[in-house]
Amino acid sequence: MDKRAEEHLSEPTAWLLAVRDRRDREAFIRLFDHFTPRLRAMLARSGQTGDAAGDIIQDVMLKVWHRSSQFDPGRASASAWIYRIARNRQIDVIRKTARPVPEELAHEDAPQSDAAAALALDQEARRLKTALESLSRDQRIVIEQAYLGELTHQEISEITGLPLGTVKSRIRLALERLRHELRDLRNR
């Protein structure tokens, strides 16, 4: 990277480049101090707090150190790259966490009259899954991040490195396609 390009980098990107290129421990400490509170806030918004959040942050920053050679400032800023690692790690933790069923729900039998409603809901869920699979990969990713990951458009932009307008356009186009695919469900 030439000197002029380096002058326009954010501080975190410059620090990450120092870690990548020179294994600079001081730059890594700065990255750690800069991103720890930001990652903690991001995790808290989605319900990860305390020791669980601390563990995720430790894992993320360890990955940043070990995978810094994979960082390319031409593809994403340091913050987008690190947030992507954090989001992926958070998803891994959520997937591995078994969600206990509340005791009163575990033993309660559903009334027979709800069988038709349950069948209809199952069919609608399958239709939605099929409709989501019909989206382009890029559209499906932003829809999952926005609606399943509960991320704002700005957070998606930071994580993916995409311009905010591109994120909004992909979400709008994906929603239009889903509305079209599922239009007959609204008329029930």
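Buried residues account for 31% of the 188 residues in the protein chain. The model is predicted.

**Whole chain.** Start with the cartoon view. The protein chain holds 11 helices and 0 strands. From the N terminus, the order of elements is α-α-α-α-α-α-α-α-α-α-α. Then show the surface. The accessible area is about 12500 Å², and carbon and sulfur atoms contribute 50% of it.

**The core.** Select Leu31, Leu39, Val60, Met61, Val64 and Ile82. Within the largest nonpolar core, which has 39 residues, these six touch the most other members. Colour the contributing helices next: α2 (11–22), α3 (25–45), α4 (50–66), α5 (78–96), α8, α9 (153–160) and α10 each give two or more residues to this core. In soluble globular proteins, nonpolar side chains tend to be buried together.

Stay on Met61. Which residues does methionine 61 contact, leaving aside neighbours within four places in sequence? They are Phe28, Leu31, Phe32 and Leu39.

**Glutamine 90.** Move to helix α5, where glutamine 90 lies. Is glutamine 90 buried or exposed? Its relative accessibility is 1%, so glutamine 90 counts as buried; the cut-off for buried is under 20%. Show what surrounds the residue. Not counting residues up to four places away in sequence, glutamine 90 touches Met42, Leu43, Ser46, Gln48 and Ile56.

**The α8/α10 crossing.** Select residues 137–148 for helix α8 and residues 164–181 for helix α10. The two helices pack with their axes 9 Å apart, at an angle of about 95 degrees. Angles of 65 to 115 degrees count as roughly perpendicular, and α8 and α10 are therefore roughly perpendicular to each other.

Show side chains at the contact:

- From α8: Asp138, Gln139, Val142, Ile143, Ala146 and Tyr147.
- From α10: Arg170, Ile171, Leu173, Ala174 and Leu175.

By type, the residues of this contact divide into 8 nonpolar, 1 polar and 2 charged.

**Arginine 23.** Finish at the loop between α2 and α3, where arginine 23 is found. Check the backbone there. Most residues other than glycine have a negative phi. Arginine 23 is not a glycine, yet its phi is positive, at about 50 degrees. How exposed is arginine 23? The relative accessible area is 35%, so arginine 23 is partly exposed.

Notes:
Residues are numbered from 1 along each chain as its sequence is written. This is a predicted model: local features need pLDDT of at least 70, side-chain atom pairs count only at pLDDT 80 or more; totals for chains, interfaces and linings use all residues. Side-chain values use heavy atoms; hydrogens and water are left out. Helices (H or I, at least four residues) and strands (E, at least two) are DSSP runs, numbered from the N terminus. Buried means under 20% relative accessible area, exposed over 50%, partly exposed in between (1.4 Å probe, protein chains only). Accessible areas come from the Shrake-Rupley method with a 1.4 Å probe; for residues, only the protein chains shown count as cover. Axes are lines fitted to C-alpha atoms, for helices over the stretch in contact, and angles run from 0 to 180 degrees between N-to-C directions. Angles under 35 degrees count as roughly parallel, over 145 as roughly antiparallel, 65 to 115 as roughly perpendicular and the rest as oblique. Contact means heavy atoms within 4.5 Å. Ala, Val, Leu, Ile, Met, Phe, Trp, Tyr, Cys and Pro count as nonpolar, Asp, Glu, Lys and Arg as charged, and the others, Gly among them, as polar. A nonpolar core is a set of buried Ala, Val, Leu, Ile, Met, Phe, Trp, Tyr and Cys residues joined through side-chain atoms within 4.5 Å.
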